[in-house]
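These are my notes from going through one protein chain.

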Amino acid sequence: MPGTLLNEIAHGDVRWPAWRVCVWDPSRNSMSDVVRGVAQDLPLDITPYVERLELQENIGLESGDDPSVPQASFTFRRHPGSGVEIRRGLFDDGVIVRVFEGDARIDPAAWVCTFTGTFRGRPGDDPGTPSSGSEGLTANAYGREERYLNQTVTTEKYDAGTDVGDMAIDIAVRKMGLTQDEVLLGAQGFLTRHKVTQIVEDPALNALWHCLFPVGKKPKFDALGRLVAVDVDLDKTPARVFGHGLNIERIVASPNDVEVNNSVVVKGLSDVLEKSLQEIQMLQELTTTTGYFDRTFEESVYFSQDRTQRAQDTRLIQKKKIQWSDARWTQVNEFHGVLKIDTRFLANIRSVLFGTYLASMVLAAVLRLAQNEGGIFASAGTLGTLAAVIFALEVLTTISLVGFLWATTFIGRGVYQVWGKPFEYVYKEIVSRHQVDGLELDEVREVEYRNDMLTTMAQLDAAAARLLRREVLKNQLYEIVVSWDPVLEVDDVIEDHAGNRYYICSLARSLSSEEPSLINIRAWKVFDAESAVVDANEAVALAGV
């Protein structure tokens, strides 16, 4: 920290590294209590038992081949100078541990916390031999990320205009069980654009990464165990600038046996709803029954059972038509239409048949009465003709009655299909691809990222350019050894005396009373001062200065 004695020492070339290791009983204190500073018990200082301490951290989510969480490895003396034997319960599975580092010349209250985690697994026990001197106990503790590696979350539904930082806080509090005091995120200034945004069945840390990706950050638990957002900008201000001949023991270009990606694809989701039209297909099939009891049959037909399917250009196919009927289809809106079956023809026939039956029966009765009375129909020829007419009317009466009875009992079954073109209003996928120039097809090694909160091509292009540079720089891998420095972390940028800058992607430091305390760093070279000077000189020459 600027202005502190520890910071002055960090800029000097003399180191007196010191450390303190404290543990808490997990049966009485939770990790949350320790992080928030409200633990019921005071910590137990077990530093006298610690013979050696190794702290390791890598770049986490970006390290596909080694996505391990921060780790602290301890070697304990069985009998420290006091002669009191160590109890293995002090570092059993679940015990909460913190490591503080500082310089022996300053007040321990000013030392910084460099690790907060939990012991996991069974401690190792090496009885040793008189000749080897290896006797002791070992144990490993892991950072707070370990607790959430296998946790899967489904978030709430967030309305348009929600800040991604608020989403991340909500996930941390409601899904991961953290308190507000343990979450140091805040608003990020990037708002969701879709009507509803939800992350479904995603690992908890990955869900947080999706929230912070649009603003160039990633989630991380800091040394105090608090959830923070880390800036992954390769050009950010260096955390430490090393003077000439100070603190840097070695910088060596490291061979990289991993094929570096040279093409990056970033996929997002447009926030503009567009119609997505499908090919014509059958939407619904309807079986209807109607007959003498209906003059018309009418039914609303939706294009799906849940009544949410949209369609256009719909039409009716009559797979089995009801006799004596006429079917018509009318689309009402994009969700449904109306099927109308007209059976009035059968009803009209029924009326005609009934009228014919009545008329023929009445006329036959009248003629039969006239025949019986005689009069003008008394002649033999006339009576014969009249009898024939009466017979014909009786036949017509019978036929009309039979037809009427059939018409009043007719029931028909029809099968109708509605065909059309389904469509939905969707947010369409948008894609940006950036790759190194001059690649042959068989030379392309591509990595894909997806974040549906990116809604414009400008956002995708910026992200793809940033990520491509990051991928290419992974080939500029360096191993750096520096003097002990408790404040350096993964994702920090450091600068050497020549002005070259390096982005730390893994870090390991050992603390021991018997060996020099050094930090082994693996880093990407993100800025070459010599090349920059050459480029600047060429620019001056081109300008004619």
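**Overall make-up**

I counted the secondary structure of the protein chain and got eight helices and 28 strands. The model is a predicted one. I then looked up burial: of the 545 residues in the protein chain, 44% are buried. The accessible surface of the protein chain is about 28,400 Å², and carbon and sulfur atoms account for 53% of that. For contacts between residues at least 6 apart in sequence, I noted that 75% join residues at least 24 apart.

**Helix H4**

I went to helix H4, residues 204–212, and found it mostly covered, with eight of its nine residues buried. The buried residues of H4 are Ala204, Leu205, Ala207, Leu208, Trp209, His210, Cys211 and Leu212. What lies over them? The cover on the buried residues of H4 includes E8, H3 and E24, along with strands E12 (202–203), E13 (217–221) and E14 (227–231).

I checked the span of helix H7, residues 457–473. Its 17 residues reach 24 Å from first C-alpha to last, close to the 24 Å expected at 1.5 Å a residue. Buried in H7 are Leu460, Ala463, Ala464, Leu467, Leu468, Arg470, Glu471 and Leu473. I wrote down the general rule beside this list: an α-helix has 3.6 residues a turn, so residues three or four places apart point the same way.

Ser432 came up next; I found this residue in strand E23. Is Ser432 buried or exposed? Ser432 counts as buried because its relative accessibility is 2%, and the cut-off for buried is under 20%. Leaving aside neighbours within four places in sequence, I listed its contacts as Val264, Val265, Val266, Met457, Leu460, Asp461 and Ala464. The C-alpha atoms of Ser432 and Leu460 are 5.8 Å from each other, although the two residues are 28 apart along the chain. With Asp461, Ser432 makes a side chain to side chain polar contact of 2.6 Å.

**Asp271**

I looked up Asp271 and placed it in strand E17, residues 263–277.

**Salt bridges**

How many salt bridges are there? My count came to 30 salt bridges.

I checked burial for both ends: Glu101 is buried because its relative accessibility is 0%, and Arg509 is buried because its relative accessible area is 5%.

Another is the salt bridge between Glu182 and Arg144, with the closest N and O atoms 2.5 Å apart. These two also link distant parts of the chain, 38 residues apart. Glu182 is in the loop between helix H3 (164–175) and strand E10 (183–184), and Arg144 is in the loop between strand E7 (136–143) and strand E8 (152–153). I noted both Glu182 and Arg144 as buried.

I also took Glu429 and Arg450, which meet in a salt bridge of 2.5 Å, N to O. Glu429 belongs to strand E23 (residues 411–435) and Arg450 to strand E24 (residues 446–450), 21 residues apart. Are the two ends buried or partly exposed? Glu429 counts as partly exposed because its relative accessibility is 42%, and Arg450 is partly exposed because its relative accessible area is 33%.

The network I noted is one of salt bridges linking Glu156, Asp170, Arg174 and Lys175.

**A nonpolar patch**

Last, I looked at the surface. Phe354, Leu358 and Met361 form a nonpolar patch there, with about 240 Å² of accessible area together. I placed Met361 in helix H5, residues 344–373. I recorded Met361 as partly exposed because its relative accessible area is 36%.

Technical notes. Residues are numbered from 1 along each chain as its sequence is written. This is a predicted model: local features need pLDDT of at least 70, side-chain atom pairs count only at pLDDT 80 or more; totals for chains, interfaces and linings use all residues. Side-chain values use heavy atoms; hydrogens and water are left out. Patches are made of residues with over 30% relative accessible area and no salt bridge: like charges are joined within 9 Å, nonpolar side chains (Val, Leu, Ile, Met, Phe, Trp, Tyr) within 5 Å. Accessible areas come from the Shrake-Rupley method with a 1.4 Å probe; for residues, only the protein chains shown count as cover. A salt bridge is a side-chain nitrogen of Lys or Arg within 4 Å of a carboxyl oxygen of Asp or Glu. Helices (H or I, at least four residues) and strands (E, at least two) are DSSP runs, numbered from the N terminus. Buried means under 20% relative accessible area, exposed over 50%, partly exposed in between (1.4 Å probe, protein chains only). The expected span of a helix is 1.5 Å times one less than its number of residues. Contact means heavy atoms within 4.5 Å. A polar contact is a pair of N or O atoms within 3.5 Å; within protein, one must be able to donate a hydrogen and the other to accept it, and residues adjacent in sequence count only if both atoms are side-chain atoms.
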